[in-house]
Amino acid sequence: MIYQKTVEGNFDEIVERITQGIMSSRTGYSVTEEANYQTHGHKVAVRMIQRFASTIGERVALQLTFIQQDDEQVEVCGIASGFEGLLFLHSPSGQKEAIETLKKITEEL
């Protein structure tokens, strides 16, 4: 599942607000990867946020990519995926919830 939106505001504040909003939306989320770059004068940030819930057999990963378009515009892209395995089953509902949470947060910015 993919969601993409351009939002207005300070790049660093948007990255922080969205990341913290996802983290606080449901227990069990953690940032497992984090990278910050600058290319051609534009900031880029990547966050991998995952949630493992063995009691319900769910694993959801949400990759967030933030790209600074100009001083006050940021392109936000979220890709949610699940995992199939012995302990964690593919979870479309968990993926949908992660994308819906991202959508709600970006609409409130």
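**Ground rules.** I am working with a predicted model, where local features need pLDDT of at least 70, side-chain atom pairs count only at pLDDT 80 or more, and totals for chains, interfaces and linings use all residues. I number residues from 1 along each chain as its sequence is written, and side-chain values use heavy atoms, with hydrogens and water left out.

**Entry 1: salt bridges.** I searched the whole structure and found three salt bridges. The term means a side-chain nitrogen of Lys or Arg within 4 Å of a carboxyl oxygen of Asp or Glu.

I looked up Lys43 and Asp12. Their side chains form a salt bridge at 3.0 Å, N to O. Lys43 lies in strand β3 and Asp12 in helix α1 (residues 11-25), so this pair ties together parts 31 residues apart in sequence. Helices (H or I, at least four residues) and strands (E, at least two) are DSSP runs, numbered from the N terminus. I then checked accessibility: buried is under 20% relative accessible area, exposed is over 50%, and partly exposed is in between (1.4 Å probe, protein chains only). Lys43 is partly exposed at 28%. Asp12 is partly exposed at 44%.

Arg26 sits in the loop between α1 and β2, and Glu97 in helix α2, so the pair ties together parts 71 residues apart in sequence. I read 24% for Arg26, which counts as partly exposed. Glu97, at 32%, is partly exposed.

I also noted Arg47 with Glu34. The closest N and O atoms of this salt bridge are 3.7 Å apart. Arg47 is in strand β3 and Glu34 in strand β2, 13 residues apart. Is Arg47 buried or exposed? Arg47 is buried, at 8%. Glu34 is exposed, at 54%.

**Entry 2: Arg51.** I found Arg51 in strand β3 (residues 42-53). Arg51 is buried, with 8% relative accessibility. A polar atom of its side chain lies 2.8 Å from the backbone oxygen of Thr27.

**Entry 3: Thr101.** Thr101 belongs to helix α2 (residues 92-108). It is buried, at 17%. Which residues does Thr101 touch, not counting those up to four places away in sequence? I found Ile22 and Ser25. Contact here means heavy atoms within 4.5 Å.

**Entry 4: His40.** I placed His40 in the loop between β2 (29-39) and β3. Its phi is near 50°, a positive value in a residue other than glycine. His40 is exposed, at 76%.

How values were computed. Polar contact = N/O pair within 3.5 Å; in protein donor to acceptor, adjacent residues only side chain to side chain.
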